[in-house]
Amino acid sequence: MTPQHALWLPLFDELADPVLVAELAAEAEAAGWHGFFVWDHLRWREPVAAVADPWITLAAVAAATSSLRFGPMVSAISRRRPAKLARETATLDRLGGGRLTLGVGLGSDRFGEEFSRTGEECDDRVRARMLDEALDVLTAAWSGEVVHHRGEHYTVDGIRFLPAPAGRIPVWAAGFPGKLRPMRRAARLDGYFPVNLDSAGRFADAVAEVEALRTGTGPFDYVAEIQPGDDGSAYARAGATWLLTGFDPEALSVDQVRGVLRDGPH
């Protein structure tokens, strides 16, 4: 299977401008890219100073394009109320005509202290439970049926979330390869993004591990990050269905992004 290609951008400094990012997305679509994904952060370590909101930026991307798949990659949804996120994701998916993909993960306090400095939960195990519970709420809300949920962290008491998304929103889970809980989470969802990999061989191992955990037979994506100019064919042979071209957040420039997107996917 030939993988699809996407740009994966931190919304930092020069790219903390939603108008500019929407223009880049339209240019990427015209150049033949299949997807356009953005980081979801409140802050980042120095020298990064400016950070844009991903959801408002993605609304601009949705309005500026017609075929690109887009979404946050990845969002630490433990810091978002799932009822509010249900409204945001359904509205964004409808704005884009059913093109939203939701990337989810635990997130980390390591690079920007964005949990500890804002009073959010810092314990990974607690955030994992919050993530799983929030996914249950989202799935119920997206169905358009009345949601009754009383869990450890969230309550939704008899609310129907309409309008529903334009289509079924795929959810990709990120995680470190070898960690069983993130792989089990991904196996229940629509895709797996193993992060911090350094070889296609390790990616192939991660694919095999998640495949062994899957019970569903529907479409499922395996997502690999590559660097600008890299040949992703080894990852494609290892099972990647999406190749995300990433960028160093501390050496980011609009000229660099434009150069990569104009070359088109490889």
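Tutor: One term before we start: contact here means heavy atoms within 4.5 Å. And keep in mind that this is a predicted model.
Student: Got it. So what do the buried residues of helix 8 pack against?
Tutor: Their partners are strand 1 (4-9), helix 1 (18-30) and strand 10 (242-246).
Student: And which residues of helix 8 are buried?
Tutor: Helix 8 covers residues 254-263, and its buried residues are Val254, Val257, Arg258, Val260 and Leu261. They sit on the same side of helix 8, because they cover an arc of only 165° around the axis.
Student: What's on the face turned away from the buried side of helix 8?
Tutor: That face carries Asp255, Arg262 and Asp263, which are exposed.
Student: Switching to the core. Which residues touch the most other members of the largest nonpolar core?
Tutor: Leu15 and Phe36, in a core of 65 residues. Helix 4 (residues 124-142) provides the largest share of this core, nine residues.
Student: What does Phe36 touch, skipping residues up to four places away in sequence?
Tutor: Its contacts include Ala6, Leu7, Leu9, Val21, Leu24 and Val61, along with Leu68, Arg69, Phe70 and Gly71. There's also a second, separate core of 15 residues, with Ala6, Trp39, Ala174 and Val223 among them.
Student: Is Val104 buried or exposed?
Tutor: Buried, with a relative accessible area of 0%. Leaving aside neighbours within four places in sequence, Val104 contacts Val74, Ser75, Ile77, Leu131, Leu135, Val171, Trp172, Ala173 and Ala174.
Student: OK, and Thr89? Buried or exposed?
Tutor: Thr89 is buried, and its relative accessible area is 0%. You'll find Thr89 in helix 3 (residues 82-95).
Student: Which side chain makes a polar contact with that of Thr89?
Tutor: Trp142, at 3.0 Å. Beyond residues up to four places away in sequence, Thr89 touches Trp55, Leu100, Leu138, Trp142 and Ile169.
Student: What lines the largest cavity?
Tutor: Its lining is Ala86, Arg87, Ala90, Ala141, Trp142, Phe161, Pro163, Ala164 and Pro165. Helix 3 gives the most to that lining, with three residues.
Student: And what's the volume of the largest pocket?
Tutor: About 1,300 Å³. The largest pocket is lined by 45 residues, and Ser108, Phe111, Phe176, Val195 and Asn196 lie nearest its centre.
Student: Which element gives the most to the lining of the largest pocket?
Tutor: Helix 4, with four residues. Among the other elements that each supply at least two residues are strand 7 (171-175) and helix 5 (180-188).

How values were computed:
Residues are numbered from 1 along each chain as its sequence is written. This is a predicted model: local features need pLDDT of at least 70, side-chain atom pairs count only at pLDDT 80 or more; totals for chains, interfaces and linings use all residues. Side-chain values use heavy atoms; hydrogens and water are left out. A nonpolar core is a set of buried Ala, Val, Leu, Ile, Met, Phe, Trp, Tyr and Cys residues joined through side-chain atoms within 4.5 Å. Buried means under 20% relative accessible area, exposed over 50%, partly exposed in between (1.4 Å probe, protein chains only). A polar contact is a pair of N or O atoms within 3.5 Å; within protein, one must be able to donate a hydrogen and the other to accept it, and residues adjacent in sequence count only if both atoms are side-chain atoms. The arc is that of the directions from the helix axis to the C-beta atoms. On a 1 Å grid over the protein atoms alone, a cavity is a set of points where a 1.4 Å probe fits but cannot get out, and a pocket is an open set with protein on both sides within 12 Å along at least five of seven lines; lining residues have an atom within 4 Å of a point. Grid points are joined across faces, edges and corners, and a volume is the space filled by probe spheres set on the points.
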